[in-house]
Each structure stands twice: as structure tokens, then as C-alpha cells.
Amino acid sequence: MNTRITLAIAASAAFALNASIAKADPAQLRFASPAPSMSPVTVGGIQPWAKEVNEAGAGVIAVQVYAGPSVASFNNVYDRVTNAVVDAGFATLGGIGMKVPKTTVVSLPFEEKDAFNESVALWRIYHAGVLGDEYKSVHVLTLWTFPGGAIHTNKPVHSLADLKGLKIVTGSRITGDMIELLSAVPIAAQPTDYYPTVQRGLADGVVIGWAQVTTFKLQEVTKYDVDVSLGSTPAMTFMNNDSWAKLPDKAKAIIDKYSGEPWS
């Protein structure tokens, strides 16, 4: 009788343990997007990706997106991810101090004709190992580029001479160097600061892609546009290395399926 009771207790315990494992909470992935909640990046890129991952990984992984600067800004999102304040994030590479000289090939002026194809090409050269160890400090989910930056000003620009002395806000050193070579004065700032910088008269214009003009409401403070491609802005979504390592293999497989080139 004692043996039967012992076996029954063991069976019940095993059943309870298996039930507990089956009902275990999914792995949580906190994703910070410094872009506004209604921006094309968040609405058209990050939220759909999170939805795909959550639906495919129901019970395995749950992605929570924190949009806007309350959790991470364009200035600190890289540090927030690498310091594990959040598990993953989106960053533009020009403004986070990350040294990626090979990646900035996409920032050369007049080369970008199609941001879709350029994004896929950037991912492929990364995936092929051409970019070396530029990203060893993080686990990259995808790389892409924004459409080439045009010049948007509150003063008319009809020739190169009209640019001389204008104060132009830029988000990367390479773009700043180009602006300086055009005899204008570059001012470094993050995209969220472009509007108030121009509005307060601290700058005469900005260099940014068309897709981001309405996101940051720059049409309200600029009236004129020079529609040339002054190089693309590279961007990435990425994870903390330890956060990635701790994920269950099934969760990693789901994230990989919806990241990489398809997401680029």
C-alpha cells in the first residue's frame, strides 16, 4: 500500500510539474523605439514585426514595444539596450556614437536610387561578413536605410551660392562634412530636435529624408526643398547579446524567421 501511495504521489507531482512547465510564461522581450508611436518606422515596421513574432510565438515569446522617447531616445537607445535597460531597440547609426565606418558606405551622396534595394543590399553585405566586427557588441536583427536626405530650408536655395553660411541641422558626421563642403554650417542634432532647432531660429534648415519630414512635422518650419540625395541614413534593430543568449531556441528561431533580409 505504501508503495502504491508513493507511486501515486510521484505521478501527481510529475503531472503538476509538466502542467506548470506547459503554462510557463513566455519569454518577455522589451523593445524600445525612440521614434514617435505614429511614425512610419513604428507603425509600418516595428509594430507589424512584433505582431508577427507574437502570433507565431504565442506562449513562447512576447514582444512589448515602447514607442517614443520616454523609455529610450535617439541619443541613448544604444546604451539602454547594451546596458540591458531594455532587451532590444531601433537606432539610426549616425547619432549613437557607434563606429561603423564600413556601413557608412550607404551615406555617400547621390548613390541611393531606391531605399528598398539599398536596404536589402546593406543586409546582404552584413550577412556575408563584409562588415567585419562592427556589430560585435550587439545582436543585429536587421539593417536598413532611410531614403536619401534632401535639404529642407526656410530660405530659398536656387544655387550653391545660396547655401553659403546657412546653418543646416544634420544627424551624422558624414552629412555634416558634406554640408560644410557646400559652404554651409552643419549643426549636429537628433531628429526629435530638428523642429525646435529650426523653429527657434538656431538653424535655417535640415537634411533629412522625405519620409521623415511629416513624422517630425518639419513642413511646419521649412518652406523650400532641394530634392537631391545627400546619402542615406543607415539604421538597425538590435538586441542585447545576453538577452539574445537567454532566449529559448524556439524563440530565437521565430525571431530569425521574421528578421534579417525579410525585415530589411
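Reader: Is T153 buried or exposed?
Author: T153 is buried, at a relative accessible area of 1%. Buried stands for under 20% relative accessible area, exposed for over 50%, and partly exposed for what lies in between, using a 1.4 Å probe and protein chains only. This is a predicted model, where local features need pLDDT of at least 70 and side-chain atom pairs count only at pLDDT 80 or more, while totals for chains, interfaces and linings use all residues. Residues are numbered from 1 along each chain as its sequence is written, and side-chain values use heavy atoms, with hydrogens and water left out.

Reader: Where is T153 found?
Author: In strand β5, residues 150–153. Helices (H or I, at least four residues) and strands (E, at least two) are DSSP runs numbered from the N terminus.

Reader: What does the T153 side chain reach?
Author: The backbone oxygen of K155, at 2.5 Å. A polar contact is a pair of N or O atoms within 3.5 Å; within protein, one must be able to donate a hydrogen and the other to accept it, and residues adjacent in sequence count only if both atoms are side-chain atoms.

Reader: And which residues is T153 in contact with, leaving aside neighbours within four places in sequence?
Author: I168, D204, G205, T222, K223 and Y224. Contact means heavy atoms within 4.5 Å.

Reader: Switching to N240. Buried or exposed?
Author: N240 counts as buried, at 6% relative accessibility. It lies in the loop between β10 (234–239) and α8.

Reader: What does its side chain do there, for N240?
Author: A polar atom of the N240 side chain lies 2.9 Å from the backbone oxygen of V81. The N240 side chain also reaches the backbone nitrogen of S243, at 3.0 Å. Not counting residues up to four places away in sequence, N240 touches V81, T82, N83, A84 and D87.

Reader: A84 is in that list. What is its phi?
Author: About 65 degrees, which is positive although A84 is not a glycine. A84 sits in the loop between α3 (77–82) and β3 (88–92), and is partly exposed at 38% relative accessibility.

Reader: What about the phi of K217?
Author: Near 55 degrees, again a positive value in a residue other than glycine. K217 is in the loop between α7 (210–215) and β9 (224–226). Its relative accessible area is 49%, so K217 is partly exposed.

Reader: Now the largest nonpolar core. Which residues touch the most other members?
Author: F31, W49, F90, L218 and I255, out of 38 residues. Helix α2 (residues 40–56) gives the most to this core, with 5 residues. Another core lies apart from it, with 21 residues, among them V77, V86, V100 and M236. A nonpolar core is a set of buried Ala, Val, Leu, Ile, Met, Phe, Trp, Tyr and Cys residues joined through side-chain atoms within 4.5 Å.

Reader: At what angle do α2 and α9 pack?
Author: About 145 degrees, with the axes of α2 and α9 (residues 249–258) 10 Å apart. Axes are lines fitted to C-alpha atoms, for helices over the stretch in contact, and angles run from 0 to 180 degrees between N-to-C directions.

Reader: Which residues make the contact?
Author: W49, E52, V53 and A56 of α2, with I254, I255 and Y258 of α9.
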